[in-house]
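Good morning, and thank you for coming. Please have the sequence and the structure open while I speak.

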Amino acid sequence: MHPEVRQKGPGSCPICGMALEPLAPALVQADLKKDAEYRMMWRRFVVSAIFSVPLLLIAMGPYMGLPVAAWLGLGGRAQHLLELLLATPVVLWGAWPFFVRAVQSLKGFNLNMFTLIGLGVAVAYAYSLIAALWPDIFPPAFREADGSVPVYFEAAAVITTLVLLGQVLELRARHRTSGAIRALLALAPPEAVRIRADGSDEVVPVADVRVGDRLRVREGEKIPVDGRVEQGEAVVDESMVTGEPIPAEKGPGDAVTGATVVLRGSIVIKAERVGTDTVLARIVQMVAEAQRSRAPIQALADRVAAVFVPAVVLVSIITFIAWGLWGPDPRLAHALVNAVAVLIIACPCALGLATPMSIMVATGKGAQHGVLIRNARAIERLEKVTAVVVDKTGTITEGRPRLAALGLLDEADVGEDELLRLVASIERASSHPLSLALVAAARERGLALAEPEEVENVTGAGIRGVVDGRRLAIGKPSFVAAETGADSEELMAGSPGIEEQRRSGATVVLVAVDGRPAAWLAIADPIRPTSRAAVAALKRLGIAVIMASGDQEPTARAVARQVGIERVFAGVSPEDKAGIVKE
């Protein structure tokens with residue numbers, strides 16, 4: 001596959017003969033059976049197989065203990081004419097795409113595997129056609145001991161059928177790898193809710209959204225395009241774009257990205273980038289370009305193929321001459337079939353397919369797992385990597401915070417379940433990402449949540465409110481200390497479990513009930529079960545593993561210690577992480 005080749009509509013590359021990839025991927029033809037090229041190749045393969053199987057049995061049956069021709073009462077010229085009838089649709093219709101590609105390769109002198117296939121099939125069929133229709137024109141050197149002229153219709157037909165099968169399998173593999181692009185495209189919602197000038201809502205296709213349109217996005221919906229929040233607040237899952245699994249809080253003035261999901265809240269956004277300008281569209285285009293890109297080793301494969309194919313043709317000619325001069329009788333018949341065998345067997349199918357297909361599979365699988373590969377050169381250079389820099393959240397850890405522990409303080413007058421029910425009832429009204437962990441923990445225990453009252457979110461500190469007549473304050477030690485009149489350091493020292501949880505990397509929040517310190521909650525992001533084994537495997541390969549995290553140093557080092565990472569950079573921004581990679 002040569003990315004520099006451009007044409008309107010589908011077709012084959014005039015240099016290597018492989019199918020061209022669309023420049024602009026679209027969410028169409030998701031069903032393989034609707035792919036025009038696949039349907040064409042599949043039909044040709046099925047029809048060719050239907051004709052080739054009986055042809056093979058008639059021609060080669062005696063060698064397999066199945067004298068099909070004798071059972072049918074056929075022999076000599078009658079058998080050859082039947083073989084001609086069976087082989088003709090296979091060669092003239094089934095192999096037609098290969099002949100077209102072979103001619104293209106000869107016109108531009110870009111010899112490839114289809115050059116050899118076309119030559120081999122054409123020579124075998126043309127010779128057999130003449131031998132079947134006009135056997136008398138052949139000299140004795142072409143004849144068998146019984147005077148008949150051998151034909152090789154079954155060779156031409158079976159070769160064609162097998163190459164068609166290879167094309168069908170290749171197209172299936174391409175469809176599977178391009179499924180990553182279709183999965184990315186499917187992330188975008190098909191419709192958007194646009195706000196009219198009079199304030200009413202209308203549902204429109206995303207393709208009709210224009211820059212400057214005001215769009216309403218409710219809880220559970222996907223943001224249709226890139227834009228900026230004008231009204232409302234929401235918790236948004238941006239993991240599709242940022243890789244950060246912990247949802248982000250969004251409010252007026254904050255940028256939002258298309259295809260991300262509003263987990264909680266409702267917002268009105270102003271569209272800023274639509275169509276091919278969105279982040280998602282650029283990601284899709286990047287993956288598509290990576291799949292079309294060429295690895296440096298492909299240049300070597302091209303140079304080898306440029307010499308290899310002409311060399312095979314030359315060897316085929318030498319084979320014909322050698323068998324014609326010194327082979328057994330009938331010499332010319334043996335010379336022809338062996339010359340054709342050289343053309344077919346030496347066909348460099350793997351040389352032309354292996355590298356492009358491996359690139360498509362690597363980039364497709366990477367995209368499915370959230371890894372965007374810039375180009376084929378990056379894949380090839382990956383073999384030389386000596387160090388890997390990983391993030392903590394969502395990479396080493398699961399990226400889904402959970403309630404790790406709950407401890408009651410001495411002044412608590414409620415049990416664990418009741419306290420968690422009260423806390424979750426308040427947190428249900430919070431926009432903080434960690435509140436999701438507390439609500440989920442309560443639901444896992446089957447606790448019935450109540451409707452909170454007088455809820456007040458204190459940015460960067462905590463939340464307070466009333467549930468079933470009880471006033472709660474949940475948040476940082478300083479926030480809860482102010483609510484209770486206690487000292488924050490004394491509160492943190494009130495339970496030995498608090499320090500233990502902090503050393504393990506958990507985030508600890510305090511809870512006050514009716515003005516008295518009641519409990520502490522440890523919220524942690526669990527380490528992935530595979531992280532320790534993955535780090536160990538990389539180390540065995542001689543690859544150093546480095547963690548770069550935006551978390552505070554105690555938390556980052558606690559996680560790194562559990563998975564066996566020694567070198568840690570904590571409290572770094574995304575820009576700092578890029579600098580670490582460059583170092």
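**Helices and their neighbours**

I begin just past helix H16, where Gly485 adopts a positive phi of about 80 degrees. Helix H16 itself covers residues 477–484, and its buried residues are Pro477, Phe479, Val480, Ala481 and Thr484. What do the buried residues of H16 pack against? Their partners are strands E10 (453–458), E11 (462–467), E12 (470–475), E13 (507–513) and E14, together with helix H17 (488–492).

The average pLDDT of the chain is 80, and 84% of the residues score at least 70. Where is confidence lowest, and where is it highest? The lowest mean, 67, belongs to helix H11 (residues 349–368), and the highest, 94, to strand E3 (residues 214–217). Where pLDDT is low, the predicted coordinates should not be read in detail.

Let us turn to helix H15, residues 435–444. Its buried residues are Ser435, Ala437, Leu438, Val439, Ala441 and Ala442. The elements that cover them include strand E7 (261–273), strand E9 (402–408), helix H14 (416–427) and strand E14 (516–524). H15, too, is followed by a glycine with a positive phi: Gly446, near 75 degrees.

Two packed helices are described by the angle between their axes and the distance between the axes. Here the axes come within 9 Å and cross at roughly 135 degrees. H14 and H15 are therefore oblique to each other, and H14 passes H15 in a left-handed crossing. Which residues meet? From H14 there are Leu420, Val423, Ala424 and Glu427; from H15 there are Ser435, Leu438, Val439, Ala441 and Ala442. By type, the residues of this contact are 7 nonpolar, 1 polar and 1 charged.

My last pair is helix H4 (residues 96–107) and helix H5 (residues 113–133), whose axes come within 8 Å and cross at roughly 120 degrees. On the H4 side, the contact is made by Phe98, Phe99, Arg101, Ala102, Ser105 and Leu106. H5 contributes Phe114, Thr115, Ile117, Gly118, Val121 and Ala122. The residues of this contact divide into 8 nonpolar, 3 polar and 1 charged.

Conventions. Residues numbered from 1 in each chain as written. Predicted model: local features only at pLDDT ≥ 70, side-chain atom pairs only at ≥ 80, totals over all residues. Heavy atoms only, no water. Axes fitted to C-alpha atoms, helices over the stretch in contact; angles between N-to-C directions. Helix = DSSP H or I, 4+ residues; strand = E, 2+ residues; numbered from the N terminus. Contact = heavy atoms within 4.5 Å. Nonpolar A, V, L, I, M, F, W, Y, C, P; charged D, E, K, R; others polar. pLDDT = per-residue confidence, 0-100. Buried < 20%, exposed > 50% of the residue type's maximum accessible area, 1.4 Å probe, protein only. Parallel < 35°, antiparallel > 145°, perpendicular 65-115°, else oblique. Left-handed = near helix turned anticlockwise from the far one by under 90°.
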